[in-house]
Amino acid sequence: MTDTKIQLSEKDIPTKWYNILADLPRPLDPPLHPGTKEPIGPDDLAPLFPMGLIEQEVSTERWISIPEEVLDIYALFRPSPLFRAHRLEAALGTPAKIYYKYEGVSPAGSHKPNTAIAQAYYNKAEGIKRLASETGAGQWGSALSLACNYFDLECMIYMVKVSYEQKPYRRSLMEVWGATVTPSPSNLTEYGRKVLEADPDSMGSLGMAISEAVEDAASKSDTNYALGSVLNHVLLHQTVIGLETKKQLEIAGDYPDVIVGCCGGGSNLGGLAFPFLADKFAGKELRVVAVEPKACPTLTEGECRYDFGDSAGMTPLVNMYTLGHDFIPAGIHAGGLRYHGDSAIISNLYKDGLIEAVACHQNPVFEAALTFARSEGTVPAPESAHAIKVAIDEALKAKETGESKTILFGLSGHGYFDLSAYDAYLAGKLVDYDYAKEPK
Ligand SMILES: *Cc1c(COP(=O)(O)O)cnc(C)c1O
């Protein structure tokens with residue numbers, strides 16, 4: 001039996017992020033100004049982001065050095081472990097080898113601190129005092145609160161109201177790390193007041209919360225905005241996941257035939273897969289599968305076109321797969337996968353057939369989560385469970401055909417703040433929603 005847990009030491013933390021923009025077979029289309037519809041320049045982004053991040057957003061340098069201060073904080077929880085899922089393989093009776101990279105070891109319980117810490121660092125370095133952002137399920141909000149606390153920045157979080165009410169412990173966590181949290185739509189912004197006037201009972205959406213946070217940041221000179229997924233620099237920061245995994249698989253003497261990741265905006269999938277996709281561009285055979293919810297099937301049922309990142313239409317237009325910036329997905333429990341758009345890089349790769357996508361209903365996803373929890377032990381985040389579902393399907397296919405293959409999936413976070421969702425599943429109360437249709 002090979003090792004169960006493949007651990008690296010602190011000196012193996014990557015010192016550079018991998019920038020896939022250096023190797024993309026087809027370059028990205030430029031983001032456009034929301035007013036003029038002309039390609040934007042660095043100055044257009046300056047009211048919201050520090051130059052250090054704007055430079056990364058457009059850089060085509062293959063390797064970008066990780067600052068010492070960021071590495072020092074990464075060392076609190078990185079390198080994260082890679083597991084060989086021996087017990088899951090046995091439970092499935094599959095000849096396939098299954099590996100998972102576990103990002104739930106960060107203090108916030110997901111991969112999101114990898115970028116939150118870098119973003120807080122670059123903002124602090126340029127004299128910013130306060131960051132404003134949105135959060136859906138609370139994962140990004142807690143990661144940013146953690147990061148702001150490390151760098152002594154104030155943190156203002158607009159939390160989608162439905163989550164604010166359903167997930168009080170994520171809010172507690174943000175407050176423990178010193179953040180201010182308000183339910184969104186709120187009466188703190190002009191946009192929030194407009195939404196509340198039209199619908200006082202609005203439960204909010206990620207698009208609305210983004211609009212509020214962007215308005216907050218744009219209207220105060222000491223405040224910047226931070227986004228937890230989708231943007232090129234976010235996916236860049238997440239490549240520490242895949243870079244570590246490559247080293248760990250080398251130690252195990254293995255290489256994946258298929259990489260599976262859940263996809264909300266694309267950051268954990270991109271972070272895990274991009275360093276391997278570099279090999280695919282150089283001729284290596286490899287499949288990468290993005291898994292999304294049927295209730296928000298951006299890649300599988302959306303259109304690839306220019307669209308806004310927020311509901312109000314304040315952000316630049318990005319050429320991406322989208323369900324429309326005013327689309328409000330059904331209230332599935334994988335809150336982190338309820339976004340109408342997708343990363344421009346992920347969209348480009350999907351359009352060119354370099355990655356695949358699958359959409360799943362939440363009941364089979366939770367069934368897979370239980371299979372995982374009852375074999376490996378860790379209770380996965382509902383988002384991550386989407387990746388588990390498809391990794392299990394791949395392993396069962398291998399069982400049918402007798403094919404030996406190596407499956408790698410991203411376990412992007414743990415589900416210990418999502419136990420009410422598990423309660424609902426165990427009580428048979430979860431509804432499977434189809435895109436744009438009424439509940440079954
Ligand atoms: C936010 C989140 C996701 C989805 O975001 P991506 O940018 O697509 O990775 C997935 N898993 C967890 C645990 C999350 O917190």
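Two strands count as paired here if DSSP finds at least two bridges between them. On that basis, the predicted model shows an open sheet of 7 strands. Reading across, the order is S1-S4-S5-S15-S10-S11-S14, and the pairing is mixed. Strand S1 (5–6) and strand S14 (356–360) sit at the edges, each pairing on one side only.

Within the sheet, strand S10 (residues 258–262) runs parallel to its partner, strand S15 (residues 406–411), with 3 bridges between them. Here Ile259 stands opposite Leu408 of S15. Two helices pack on this sheet. Helix H11 (residues 232–252) packs there by touching S1, strand S4 (82–84), strand S5 (97–102) and S15, and its direction makes about 140° with that of S5. Helix H12 (residues 267–281) packs on the sheet too, with S5, S10, strand S11 (287–293) and S15 as its contacts; the direction of H12 makes about 160° with that of S10.

Then there is a helix pair to look at. The axes of helix H5 (residues 113–125) and helix H6 (residues 139–150) come within 8 Å and cross at roughly 40°. Angles under 35 degrees would count as roughly parallel, so H5 and H6 are oblique to each other. The crossing of H5 past H6 is right-handed. On the H5 side, the residues in contact are Pro113, Thr115, Ala116, Ile117, Gln119 and Ala120; H6 meets them with Trp140, Ala143, Leu144, Leu146, Ala147, Cys148 and Tyr150. Sorted by class, this contact has 11 nonpolar and 2 polar residues, and no charged ones.

Key: Residues numbered from 1 in each chain as written. Predicted model: local features only at pLDDT ≥ 70, side-chain atom pairs only at ≥ 80, totals over all residues. Heavy atoms only, no water. Axes fitted to C-alpha atoms, helices over the stretch in contact; angles between N-to-C directions. Helix = DSSP H or I, 4+ residues; strand = E, 2+ residues; numbered from the N terminus. Parallel < 35°, antiparallel > 145°, perpendicular 65-115°, else oblique. Left-handed = near helix turned anticlockwise from the far one by under 90°. Contact = heavy atoms within 4.5 Å. Nonpolar A, V, L, I, M, F, W, Y, C, P; charged D, E, K, R; others polar.
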